[in-house]
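Me: Please examine the structure shown here and answer some questions about its sheet and its charged pairs.

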Amino acid sequence: MDFHDALLFVGAHFSHPGCNCPGSRKGKLEKGLSNRAPIPDYAFMSKSLDQTDCEIIEILDSDGRSSLAEIGKVVGLSGPAVGERLRRLQETGFVDGFGARIDLRSLGYTVQALVRIKPRSGQLHVVERMIEDQPRFTSCDRVTGEDCYVARLVLVEVAELDDILLPFHDRAETHTSIVKSSIFEQRLPPLLPRG
(Lines give C-alpha, C1' and ligand atoms only; values in the text may rest on other atoms or scores of the structure.)
Protein backbone atom coordinates (compact mmCIF):
# COMPACT_ATOMS: atom_id res chain seq x y z
CA MET A 1 0.00 0.00 0.00
CA ASP A 2 1.38 3.41 -0.91
CA PHE A 3 0.84 6.82 0.63
CA HIS A 4 -2.00 7.70 -1.74
CA ASP A 5 -3.96 4.62 -0.64
CA ALA A 6 -3.58 5.75 2.95
CA LEU A 7 -4.53 9.36 2.24
CA LEU A 8 -8.10 9.93 3.38
CA PHE A 9 -8.45 13.65 3.37
CA VAL A 10 -6.38 16.74 2.89
CA GLY A 11 -7.49 19.53 5.16
CA ALA A 12 -6.29 22.59 6.99
CA HIS A 13 -4.81 23.01 10.45
CA PHE A 14 -6.16 25.88 12.47
CA SER A 15 -4.49 27.87 15.21
CA HIS A 16 -7.73 29.60 16.15
CA PRO A 17 -11.03 27.90 17.12
CA GLY A 18 -13.19 26.72 14.24
CA CYS A 19 -16.19 28.15 12.49
CA ASN A 20 -19.80 27.59 13.45
CA CYS A 21 -21.37 30.53 11.67
CA PRO A 22 -25.12 30.65 11.01
CA GLY A 23 -25.97 30.03 7.37
CA SER A 24 -22.47 28.80 6.48
CA ARG A 25 -21.95 26.48 3.54
CA LYS A 26 -19.61 23.52 3.06
CA GLY A 27 -17.25 23.26 0.09
CA LYS A 28 -13.64 22.68 -0.91
CA LEU A 29 -10.15 24.22 -1.08
CA GLU A 30 -7.14 24.16 -3.35
CA LYS A 31 -4.07 22.30 -2.14
CA GLY A 32 -0.56 23.67 -2.04
CA LEU A 33 -0.76 26.78 0.15
CA SER A 34 2.03 27.62 2.61
CA ASN A 35 2.59 25.66 5.79
CA ARG A 36 3.06 28.22 8.54
CA ALA A 37 1.71 31.62 9.47
CA PRO A 38 3.29 34.06 11.94
CA ILE A 39 2.16 34.13 15.56
CA PRO A 40 -1.17 36.00 15.48
CA ASP A 41 -2.54 38.88 17.52
CA TYR A 42 -5.71 37.15 18.78
CA ALA A 43 -7.45 40.40 19.79
CA PHE A 44 -7.08 41.63 16.21
CA MET A 45 -8.07 38.25 14.77
CA SER A 46 -11.37 37.94 16.60
CA LYS A 47 -12.37 41.40 15.37
CA SER A 48 -11.27 40.76 11.78
CA LEU A 49 -13.09 37.48 11.07
CA ASP A 50 -16.34 37.83 9.14
CA GLN A 51 -19.06 35.46 7.89
CA THR A 52 -17.25 34.76 4.60
CA ASP A 53 -14.01 33.96 6.45
CA CYS A 54 -15.95 31.51 8.63
CA GLU A 55 -17.40 29.84 5.56
CA ILE A 56 -13.98 29.56 3.91
CA ILE A 57 -12.52 28.00 7.08
CA GLU A 58 -15.39 25.50 7.24
CA ILE A 59 -14.77 24.61 3.60
CA LEU A 60 -11.06 24.08 4.33
CA ASP A 61 -11.95 21.78 7.19
CA SER A 62 -14.54 19.90 5.13
CA ASP A 63 -12.42 19.23 2.05
CA GLY A 64 -9.03 20.80 1.58
CA ARG A 65 -8.57 19.59 -2.02
CA SER A 66 -10.93 21.71 -4.10
CA SER A 67 -9.95 24.76 -6.11
CA LEU A 68 -10.22 28.41 -5.15
CA ALA A 69 -12.82 28.76 -7.89
CA GLU A 70 -14.95 26.03 -6.28
CA ILE A 71 -14.76 27.79 -2.93
CA GLY A 72 -15.64 31.04 -4.64
CA LYS A 73 -18.82 29.52 -6.08
CA VAL A 74 -19.90 28.43 -2.61
CA VAL A 75 -19.13 31.73 -0.84
CA GLY A 76 -20.00 34.09 -3.70
CA LEU A 77 -16.48 35.37 -4.51
CA SER A 78 -14.06 35.04 -7.41
CA GLY A 79 -11.17 32.57 -7.15
CA PRO A 80 -8.58 35.38 -6.76
CA ALA A 81 -10.68 37.02 -4.01
CA VAL A 82 -10.79 33.69 -2.16
CA GLY A 83 -7.02 33.38 -2.60
CA GLU A 84 -6.52 36.83 -1.10
CA ARG A 85 -8.73 35.96 1.89
CA LEU A 86 -6.80 32.72 2.40
CA ARG A 87 -3.53 34.64 2.32
CA ARG A 88 -4.88 37.02 4.97
CA LEU A 89 -6.20 34.12 7.08
CA GLN A 90 -2.71 32.60 7.01
CA GLU A 91 -0.90 35.87 7.73
CA THR A 92 -3.13 36.58 10.73
CA GLY A 93 -2.73 33.01 12.02
CA PHE A 94 -6.25 31.64 11.59
CA VAL A 95 -4.93 28.99 9.22
CA ASP A 96 -1.49 27.77 10.17
CA GLY A 97 -1.01 24.98 7.66
CA PHE A 98 -2.38 22.29 5.40
CA GLY A 99 -1.86 18.55 5.66
CA ALA A 100 -3.16 15.04 5.13
CA ARG A 101 -5.40 13.03 7.42
CA ILE A 102 -4.12 9.48 7.26
CA ASP A 103 -6.05 6.26 7.92
CA LEU A 104 -3.77 4.65 10.52
CA ARG A 105 -5.43 1.25 10.10
CA SER A 106 -4.45 1.15 6.44
CA LEU A 107 -0.84 1.64 7.58
CA GLY A 108 -1.14 -1.34 9.94
CA TYR A 109 -1.73 0.54 13.22
CA THR A 110 -4.83 -1.28 14.44
CA VAL A 111 -4.61 -0.27 18.12
CA GLN A 112 -4.34 3.12 19.81
CA ALA A 113 -3.66 3.77 23.46
CA LEU A 114 -3.83 6.79 25.74
CA VAL A 115 -0.84 6.83 28.08
CA ARG A 116 -0.81 8.99 31.21
CA ILE A 117 2.79 9.62 32.25
CA LYS A 118 4.01 10.89 35.63
CA PRO A 119 7.78 11.45 35.68
CA ARG A 120 9.70 10.59 38.84
CA SER A 121 11.40 13.42 40.74
CA GLY A 122 14.04 15.16 38.64
CA GLN A 123 13.12 13.23 35.48
CA LEU A 124 10.62 15.64 33.87
CA HIS A 125 12.84 16.88 31.01
CA VAL A 126 14.34 13.44 30.36
CA VAL A 127 10.87 11.87 30.12
CA GLU A 128 9.64 14.65 27.84
CA ARG A 129 12.59 14.01 25.51
CA MET A 130 11.86 10.25 25.59
CA ILE A 131 8.26 10.92 24.55
CA GLU A 132 9.42 13.18 21.71
CA ASP A 133 11.92 10.56 20.54
CA GLN A 134 9.42 7.67 20.45
CA PRO A 135 7.81 7.92 16.98
CA ARG A 136 4.80 5.79 17.95
CA PHE A 137 3.51 8.65 20.12
CA THR A 138 1.35 10.68 17.71
CA SER A 139 0.42 13.44 20.16
CA CYS A 140 1.25 14.51 23.68
CA ASP A 141 -0.20 17.13 26.00
CA ARG A 142 1.11 18.53 29.28
CA VAL A 143 -1.77 18.37 31.74
CA THR A 144 -2.69 19.37 35.26
CA GLY A 145 -3.52 16.86 37.94
CA GLU A 146 -1.77 13.68 39.05
CA ASP A 147 -0.03 13.03 35.72
CA CYS A 148 2.18 15.44 33.78
CA TYR A 149 1.54 14.13 30.26
CA VAL A 150 -1.23 12.44 28.33
CA ALA A 151 0.03 10.93 25.08
CA ARG A 152 -1.58 9.00 22.22
CA LEU A 153 0.30 5.91 21.09
CA VAL A 154 -0.27 3.82 17.93
CA LEU A 155 0.37 0.08 17.90
CA VAL A 156 0.27 -2.73 15.38
CA GLU A 157 -0.85 -5.02 18.21
CA VAL A 158 -1.28 -4.74 21.98
CA ALA A 159 1.77 -6.97 22.56
CA GLU A 160 4.02 -4.07 21.48
CA LEU A 161 2.93 -1.95 24.42
CA ASP A 162 5.38 -3.39 26.96
CA ASP A 163 8.40 -3.00 24.66
CA ILE A 164 7.53 0.63 23.88
CA LEU A 165 6.83 1.66 27.48
CA LEU A 166 9.55 -0.39 29.21
CA PRO A 167 12.25 2.32 28.82
CA PHE A 168 9.95 4.77 30.66
CA HIS A 169 9.51 2.65 33.78
CA ASP A 170 12.84 3.64 35.37
CA ARG A 171 11.98 7.32 35.01
CA ALA A 172 8.16 7.55 35.20
CA GLU A 173 4.91 5.90 36.19
CA THR A 174 2.64 5.11 33.26
CA HIS A 175 -1.06 4.30 33.14
CA THR A 176 -2.46 3.10 29.84
CA SER A 177 -5.98 2.86 28.41
CA ILE A 178 -6.62 1.11 25.11
CA VAL A 179 -8.93 3.07 22.79
CA LYS A 180 -11.94 0.86 21.94
CA SER A 181 -13.42 3.32 19.46
CA SER A 182 -13.52 7.05 18.76
CA ILE A 183 -16.79 8.97 18.94
CA PHE A 184 -15.17 11.65 16.75
CA GLU A 185 -11.67 12.69 15.80
CA GLN A 186 -10.33 16.23 16.04
CA ARG A 187 -13.08 18.63 14.96
CA LEU A 188 -13.57 22.32 14.42
CA PRO A 189 -15.02 24.17 17.43
CA PRO A 190 -17.05 27.41 17.10
CA LEU A 191 -15.03 30.18 15.47
CA LEU A 192 -16.87 33.27 16.58
CA PRO A 193 -17.24 33.71 20.33
CA ARG A 194 -20.78 34.06 21.59
CA GLY A 195 -21.83 37.37 22.98
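Reply: A salt bridge is counted when a side-chain nitrogen of Lys or Arg lies within 4 Å of a carboxyl oxygen of Asp or Glu. This is a predicted model, in which local features need pLDDT of at least 70 and side-chain atom pairs count only at pLDDT 80 or more, while totals for chains, interfaces and linings use all residues. Residues are numbered from 1 along each chain as its sequence is written, and side-chain values use heavy atoms, with hydrogens and water left out.

Me: How many salt bridges does the structure hold?

Reply: Side chains of opposite charge can pair when their charged atoms come close. By the cut-off of 4 Å, the number of salt bridges in the structure is eleven.

Me: Is Asp147, which forms a salt bridge with Arg116, buried or exposed?

Reply: The closest N and O atoms of Asp147 and Arg116 are 3.6 Å apart. Relative accessible area under 20% means buried, over 50% exposed, and in between partly exposed (1.4 Å probe, protein chains only). Arg116, at 29%, is partly exposed. With a relative accessible area of 12%, Asp147 is buried.

Me: Which strands stand at the edges of the sheet?

Reply: Strands are DSSP runs of E with at least two residues, numbered from the N terminus, and two strands pair if DSSP finds at least two bridges between them. The open sheet has the order S4-S5-S3-S6, with antiparallel pairing. Each edge strand has a single partner, so one side of it is left without a neighbour in the sheet; these strands are S4 (137-142) and S6 (172-178).

Technical notes
Helices (H or I, at least four residues) and strands (E, at least two) are DSSP runs, numbered from the N terminus.
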